Amino acid sequence: MNREPMSAEEDVSHMRAAMAVAARGLGRTWPNPAVGCVLVRQGRVVARGWTQPGGRPHAETMALAAAGPAARGATAYVTLEPCSHFGRTAPCCVALIAAGITRVVAAMRDPDARVNGNGFNRLRQAGITVDEGVLQAEAEAFQAGFIRRVTHGLPLVTLKLAATLDGRIATATGESRWITAAPARLAVHAARARHDVVLVGSGTALADDPDLTIRGLGLPSIPRVVLDARLRLPLNARLVTTARQTPTWLLTGPGHAPAALAPYRDAGVEVLTVPRAKTAGLDPEAALQALAQRGVTRVFAEGGASLAAALLRAGLVQRIMWFHAPAALGAEAMPAIGPLGLTHLAEMPRYRLVATHILGQDVLSEYEGAA
């Protein structure tokens, strides 16, 4: 087979396009990763594809179907190594070979042990030229949730904070709507849509009775998860009464009588039991492991202060989105983060600023920590 010559600049450009289409599936493809594929023949893009909701069909399958006969002799740009194992469908590497693709350019290897180089090997054995590592750093950042679930058995956690300049999220009486203005709130809905589930503690569910749906963007809502060790979530809470329209998962501790759990299940809430922490509440790492076992790769943790502190204390937060309003509430108001139990500055969780956005009167600061 003769591969079509491409410059390094063209490879980067087409891979950026593949990354852009991959983003269309973010938050809707779990347990599978969101992948993008662009097919280029004789310098012209002949098809694009991205992983569909629920993880099937894969990006390569979508692109090949769109291209039809035009795929023969083309170069495939994919953001993740094509799969090589049989699941509900045949491997993507087999489909690429059958379609007559002559070159595959991939951003990164698939860390899943069932693939991890096997896809590339099968393509090369079929005479297809394979080039790896184009925009690898960007691809790994994009796939951070999938990578973390596969390698650590945990999802990526983004902690969202909406606070005043002095780090307060509500008055001393609990009034919190609204700390930030409409543009920032819309950005929160967009951020939810890029994650697999949204997570809150029972305190937030009690205080705010939130919907935690995605509004104003025309996008489907994602499952809502409540950490509630003591079953404090009222049966008339919105998260319970709307569970058949938007999934609600209740993570609680062991030992509850079946009769206490039955009303939640009858309302359509899915109840999962996880271990309790040594002090109080649920073990946050065990809770995240339970979500990862269900295929969740990206968690959007929205509060409140106790949940934020528990996740930070356990070193489970990889990213922070801090929406800060140009206002102050004072020391008597409620803090965004509960007690961390620190005695030395060296013990502080540290993050690096990676982006800042002006959202009307508010500012969004994005931070990253350890992977």
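Contact, as the word is used here, means heavy atoms within 4.5 Å of each other. The model under discussion is a predicted one.

With that cut-off, Glu60, Thr61 and Leu64 in helix 2 meet Cys92, Ala95, Leu96 and Ala99 in helix 3. By class, the residues of this contact between helix 2 and helix 3 comprise five nonpolar, one polar and one charged. Helix 2 covers residues 59–67, and its axis comes within 9 Å of that of helix 3, the two crossing at roughly 20 degrees. Angles under 35 degrees count as roughly parallel, and helix 2 is therefore roughly parallel to helix 3. The handedness of this crossing is left-handed.

Helix 3 has a further packing partner. Helix 3 (residues 92–99) packs with helix 4 (residues 118–125) at an angle of about 20 degrees, and their axes are 9 Å apart. These two helices are therefore also roughly parallel to each other. Here, however, helix 3 passes helix 4 in a right-handed crossing. On the side of helix 3 the contact is made by Cys93, Val94, Leu96 and Ile97, and on the side of helix 4 by Gly119, Arg122 and Leu123. The residues of the contact of helix 3 with helix 4 fall into five nonpolar, one polar and one charged.

Helix 4 leads on to a sheet. It lies across strand 4 (103–106) and strand 5, and runs at about 150 degrees to strand 5. The sheet in question is open and consists of five strands in the order 2-1-3-4-5, with mixed pairing. At its edges are strand 2 (44–50) and strand 5 (129–132), each of which pairs on one side only. From one strand to the next, the twist averages 15 degrees. Strand 1 (residues 36–41) runs antiparallel to strand 2 and is joined to it by six bridges. Within this pair of strands, Arg41 stands opposite Arg44 of strand 2.

Strand 3 (residues 75–78) of this sheet contains Thr75. Is Thr75 buried or exposed? Its relative accessible area is 0%, so Thr75 is buried. The C-alpha atom of Thr75 is separated by 9.2 Å from that of Met6, although the two residues are 69 residues apart along the chain.

Towards one end of the strand order, strand 9 (residues 224–227) and strand 10 (residues 248–252) run parallel and are joined by four bridges. Arg224 stands opposite Thr248 in strand 10.

Helix 6 (residues 144–152) has as its buried residues Ala144, Gly145, Phe146, Ile147 and Arg148. What covers these buried residues includes helix 5 (136–142) as well as strand 6, strand 12 and strand 13. Just after helix 6, Gly153 adopts a positive phi of about 70 degrees.

The loop between strand 7 (168–170) and helix 7 holds Thr180. A residue counts as buried under 20% relative accessible area, and Thr180, at 8%, is therefore buried. Leaving aside residues up to four places away in sequence, Thr180 touches Ala162, Arg185, Phe323, Ala325 and Asp362.

Note on methods
Residues are numbered from 1 along each chain as its sequence is written. This is a predicted model: local features need pLDDT of at least 70, side-chain atom pairs count only at pLDDT 80 or more; totals for chains, interfaces and linings use all residues. Side-chain values use heavy atoms; hydrogens and water are left out. Two strands pair if DSSP finds at least two bridges between them. Axes are lines fitted to C-alpha atoms, for helices over the stretch in contact, and angles run from 0 to 180 degrees between N-to-C directions. Angles under 35 degrees count as roughly parallel, over 145 as roughly antiparallel, 65 to 115 as roughly perpendicular and the rest as oblique. A crossing is left-handed if the near helix is turned anticlockwise from the far one by less than a right angle, and right-handed if clockwise. Ala, Val, Leu, Ile, Met, Phe, Trp, Tyr, Cys and Pro count as nonpolar, Asp, Glu, Lys and Arg as charged, and the others, Gly among them, as polar. Buried means under 20% relative accessible area, exposed over 50%, partly exposed in between (1.4 Å probe, protein chains only).
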